[in-house]
Amino acid sequence: MSKRAVYPFVAIVGQERMKLALILNVINPTLSGVLIRGEKGTAKSTAVRALAEILPAIQVVKDCPFQLFPEEAPDVCRECAHTECSRQVINHEPLETVERGIRVVELPVGATEDRVVGTMDLEHALKKGEKRMEPGILAAAHRGILYVDEVNLLDDHVVDVLLDSAAMGVNTIEREGVSFSHPARFTLVGTMNPEEGELRPQLLDRFGLCVHIEGINEPAARVAIMERRMAFDENPEDFCAQWEDESRELVEKIKRAIDLYPQVVIGQPSLFEIASYCLDVGVDGHRGDIIILKAAKTLAAFHGRTEVIKDDIDTAAEMALPHRIRRQPLQDIVVDVDRLRRQNLAR
Amino acid sequence: MFHNIYPFAAIIGQDRLKRSLILNAVNPAIGGVLIRGEKGTAKSTAVRALAALLPEINIVRGCPFACDPDQPQEFCHQCRQHSNRVHVGVRRLSVVTMPLNATEDRVVGGIDFNQAVKTGRRVFQPGLLAKVHRGILYVDEVNLLDDHIVDIILDAAASGRNVVEREGISYTHPSQFILVGTMNPEEGEPRPQLLDRFGFCVEVAAEKDVGKRAALMQQREEYDSDPQGFVRRFQKENDQIAQEIMAARHFLNNVTFPNNLRTLVSEICTENHVAGHRADLVIEQGARGMAALMKHHEVTVDDIREVAWLALSHRKREPAPPPPPPPPPEHDHDHPDPPENQQDQEPAPEEHPPPEQPEPQDASQNAKTEETPPPETSEDQADPDRQAEDQNRRENAIEQIFEVGETFKVKKISSQRDRVFRRGSGRRSRTRVAQKQGRYVKSTSVAKTGDVALDATLRAAAPYQLQRASGNGLAVVLKPEDLRDKIREKRIGNFLLFLVDASGSMGARGRMTASKGAIMSLLLDAYQKRDRIAMVSFRNQEAVMNLPPTSSIEMAAHLLKEMPIGGRTPLSAGLAKTYEVMRNYLLRDPTARPIVIVITDGKSNVALGERKPLAEALDLAGRLCLDERVRFIVVDTESQGLVHFGLARKLAVAMQAEYFKIEDLKADTLVNIAKDNVK
């Protein structure tokens with residue numbers, strides 16, 4: 001399979017917030033995703049697709065449809081269709097693993113529930129007289145990134161299924177006489193245009209971070225966008241080669257941040273700062289606090305620090321809170337969290 | 001199932017939640033708990049963590065239904081046959097998760113495909129209800145569960161057994177379980193019957209204390225960075241809770257419930273106007289569990305106090321019955337009725353219509369109701385500046401908010417049945433569904449969905465079995481041409497668009513109160529039918545989308561209560577907006593059958609273009625109805641005075657809409673029943 005050239009992540013002009021949010025999620029998958037809100041043609045999809053290129057590699061059991069880490073979930077292997085590797089698991093033989101990049105799996109808006117959770121393999125049933133599961137998109141997305149373009153247009157049923165597995169990290173299938181479950185922990189990346197309707201609050205909350213993006217108004221930057229796009233369209237390979245150094249630098253930086261993350265510490269005062277931030281702006285539940293903490297730590301690691309500073313917390317809060325602030329029905333999602341806080345404090 | 005579940009002991013705060021879960025583990029007779037609360041408050045975490053604390057139970061080894069060896073009278077068929085040589089096994093009490101996408105056949109059980117094809121025998125394959133017997137059935141987001149699955153669960157919960165009559169199988173097995181559900185009230189309420197099935201109900205909210213929040217964050221982060229180590233750290237505390245539960249379970253049989261306290265329980269229940277008797281029973285069982293935990297031999301008043309509110313919060317009703325329906329305002333403005341007082345005072349001008357009731361011109365109807373001086377009569381011709389100024393002033397002066405009037409049961413409104421396959425949930429219009437949900441009504445040889453109807457497929461293959469050589473050792477040889485798909489049918493909600501006339505003319509003589517009552521009735525109906533709704537209102541110069549398509553009826557009701565009335569009637573703008581919303585909705589869901597409910601008196605007096613307002617509106621209405629997927633209903637709010645214009649009826653004709661007066665919407669009037677029967 002010849003690889004199609006992808007517009008390099010580092011060549012995207014501007015949209016720093018979005019890029020930062022995506023990078024943070026690459027460094028720390030427990031941030032559980034980004035929601036990118038913005039108008040059409042603001043490099044939303046380009047950024048997500050380009051992300052695949054800068055993702056670190058993971059160890060995966062060879063040919064495993066569930067992207068399992070060896071020894072991750074032997075229960076799954078036992079019922080898995082790949083008889084070869086399930087035999088090995090049962091006999092406690094070592095499994096062959098391969099190293100490959102994290103995948104970006106796309107969930108099309110029109111996807112049926114069947115394709116998402118998995119369905120019965122009909123052919124197998126007819127030939128062998130056995131029911132067995134054919135893994136769906138959720139299986140493919142395990143340990144990877146699940147990308148939903150226009151997430152607000154997703155079918156309600158599919159949203160429910162997504163919520164179910166995003167919440168538990170497990171996809172449970174109870175249908176058509178098949179009972180099966182497999183791990184499905186993924187980073188949920190969604191893009192949406194708010195003009196087409198809002199997301200259900202429940203799903204909104206599942207996205208760790210939320211960024212708003214707009215078209216760039218600065219002429220120079222706009223010209224740069226056009227130039228780069230044209231260069232890419234003319235000769236993708238050359239263009240990518242041009243940016244390779246910068247790409248590699250970013251990959252290195254991400255790698256260093258991943259290694260550094262466990263050493264990042266956060267002081268008690270900072271924790272209190274986060275908690276009071278959330279209380280000041282009025283957030284539902286505790287997920288906001290937790291996400292700010294994680295994002296702030298990840299930010300520190302990304303900048304090569306082992307200590308969280310006030311700036312990290314502010315940046316983190318601005319990305320973690322907009323979609324979590326309690327609002328009146330129909331009230332728009334708050335864009336400027338910091339200002340809201342100052343307003344609330346002034347009152 | 002997968003390791004390293006966040007430990008129960010490590011959950012900070014949420015004491016009531018933890019208490020109620022433990023009580024259920026101690027005394028299953030409580031019958032479960034419903035956890036309500038905003039997102040991100042450890043609802044699901046707590047339930048999943050509970051699974052690790054549950055005690056072990058004795059079971060008949062090898063029995064798919066986990067029969068209790070000590071209760072031979074409740075054995076399943078299988079165990080009854082071998083009742084003399086039962087092997088006792090031990091198993092941890094199981095928590096079975098019901099995913100939202102579960103199909104009916106997996107929930108109740110069905111024919112075992114592998115057995116059928118391989119050995120040619122008809123064997124029952126137990127479903128979730130079998131697996132959950134004597135355990136906990138956990139439904140995350142219980143309010144989103146499909147209705148027909150809810151019916152099945154309710155049925156099993158009520159009778160303690162699961163009766164299977166489907167796909168050529170007739171089977172009954174015991175299925176007693178504790179129902180644990182979580183829900184977020186933002187997504188709508190579950191049905192009352194389902195609500196009542198939960199013994200307890202706990203509301204959870206986020207911690208307000210900064211210190212606790214900080215501790216909570218830190219623990220979560222520690223868990224995420226090293227789940228195994230974290231679980232190990234809390235192992236001891238977790239084990240301790242598990243032991244407490246175990247001890248309390250054994251102690252439970254020694255707990256007695258003094259008779260005199262029963263009176264107290266029933267008093268508590270009556271005080272809170274609880275429906276039915278389940279609350280009494282739940283409180284009693286809860287108190288016994290509490291006493292067992294505390295190691296009292298006798299239930300005390302404190303135990304009851306402790307659990308009473310858990311059982312009451314979702315069953316409690318308002319102390320007084322709702323006030324009697326307010327009589328029509330026309331007759332009572334001289335003798336205001338007490339419950340109507342509030343209503344009478346706010347919209348005072350409307351309640352005392354000036355004597356010049358029969359108005360000759362429709363435009364002046366506005367003027368009168370808004371107490372604005374005469375210039376109004378010629379408002380279509382008035383110069384724009386003055387008009388705008390007038391408009392502004394008027395808006396400030398007489399924007400009013402009316403009470404919501406009497407609500408009633410709405411007659412059945414649904415779309416025609418057709419052969420189009422749809423997707424969705426809800427309970428309004430019956431339709432065939434192209435998804436693996438709903439009742440299996442029949443099978444088809446046109447395989448499209450891959451939703452194999454096993455019984456039909458086997459039947460189709462049966463005649464050829466002699467000719468088909470069985471090469472692969474299977475009892476039944478299936479070929480692709482035997483495949484039969486299931487056709488499933490269920491009710492789904494429609495999309496209702498409310499187009500509400502909020503202009504000044506609607507405020508006349510309490511009409512808006514009645515109209516709001518009608519809209520509210522329709523909303524309540526929409527809530528029960530799980531429709532999606534949207535609301536567009538028009539007044540002054542423009543139409544506004546008050547509520548984009550949503551399932552949250554509460555939001556609509558809230559909006560309706562606050563909806564201000566006043567200004568002129570841009571009916572055309574309203575219709576144009578309707579078109580826009582409909583077009584977007586139908587693009588998104590081409591098989592949808594939206595119902596547009598227009599609530600107006602039809603008196604249009606602001607045009608979009610140069611034409612006469614009314615003519616323009618009628619023309620627009622005519623074009624609007626060209627899309628056959630949309631059904632229109634016009635609710636006429638014009639009062640039946642001496643003079644009425646019947647403009648709404650004209651609109652209905654132009655739109656090919658069904659025409660109702662508010663009274664006609666009621667389900668129980670004799671005329672309507674007769675009409676429905678004739679249809």
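What follows is a short chat about a predicted model, in which local features need pLDDT of at least 70, side-chain atom pairs count only at pLDDT 80 or more, and totals for chains, interfaces and linings use all residues. Residues are numbered from 1 along each chain as its sequence is written, chains are lettered from A and ligands numbered from 1 in the order in which they are written, and side-chain values use heavy atoms, with hydrogens and water left out.

Colleague: Let's start with chain A: how many helices and strands does its secondary structure come to?
Modeller: Helices (H or I, at least four residues) and strands (E, at least two) are DSSP runs, numbered from the N terminus. On that basis, chain A has 15 helices and 11 strands.

Colleague: And what percentage of the residues in chain A is buried?
Modeller: Buried means under 20% relative accessible area, exposed over 50%, and partly exposed in between (1.4 Å probe, protein chains only). Chain A has 347 residues, and the buried share is 56%.

Colleague: In what order do the strands of the open parallel sheet in chain A run?
Modeller: Two strands pair if DSSP finds at least two bridges between them. The edge strands are E4 and E11 of chain A, each pairing on one side only. With 5 strands in the sheet, the order is E4-E7-E10-E1-E11.

Colleague: Which residues of E10(A) and E11(A) are the bridge partners of A:Val34?
Modeller: E1(A) runs parallel to E11 (residues 209–213), with 5 bridges, and parallel to E10 (residues 187–192), with 4 bridges. In E10(A) the partner of A:Val34 is A:Val189, and in E11(A) it is A:Leu209.

Colleague: Which residues of E1(A) are buried on each side?
Modeller: In a regular strand the side chains alternate between the two faces of the sheet. In E1 (residues 34–38) of chain A, 5 of 5 residues are buried. Both faces are covered: A:Leu35 and A:Arg37 on one side, and on the other A:Val34, A:Ile36 and A:Gly38.

Colleague: At about what angle does helix H2 of chain A run to E7(A)?
Modeller: Axes are lines fitted to C-alpha atoms, for helices over the stretch in contact, and angles run from 0 to 180 degrees between N-to-C directions. H2 (residues 44–51) lies across E1, E4, E7 (145–148), E10 and E11 of chain A. Its angle to E7(A) is about 160°.

Colleague: Is A:Leu107 buried or exposed?
Modeller: A:Leu107 lies in E4 (residues 104–107) of chain A. Contact means heavy atoms within 4.5 Å, and beyond its neighbours within four places in sequence, A:Leu107 is in contact with residues including A:Val116, A:Ile137 and A:Tyr147. Because its relative accessibility is 1%, A:Leu107 counts as buried.

Colleague: Over in chain B, which strands stand at the edges of the open sheet of 6 strands?
Modeller: The order is E19-E18-E17-E21-E22-E23, with mixed pairing. The two edge strands each have a single partner strand, so one side of each is left without a neighbour in the sheet; they are E19 (542–550) and E23 (658–661) of chain B.

Colleague: Which strands of chain B does helix H24 touch?
Modeller: Helix H22 (residues 571–588) of chain B packs on the sheet, touching E17, E18, E19 and E21. H24 (residues 647–655) packs on the sheet too, at about 175° to E22(B). The strands that H24 touches are E21, E22 and E23 of chain B.

Colleague: What is the bridge partner of B:Asp636 in E23(B)?
Modeller: E22 (residues 631–636) of chain B and E23(B) pair in the parallel sense over 4 bridges. The partner of B:Asp636 is B:Lys661.
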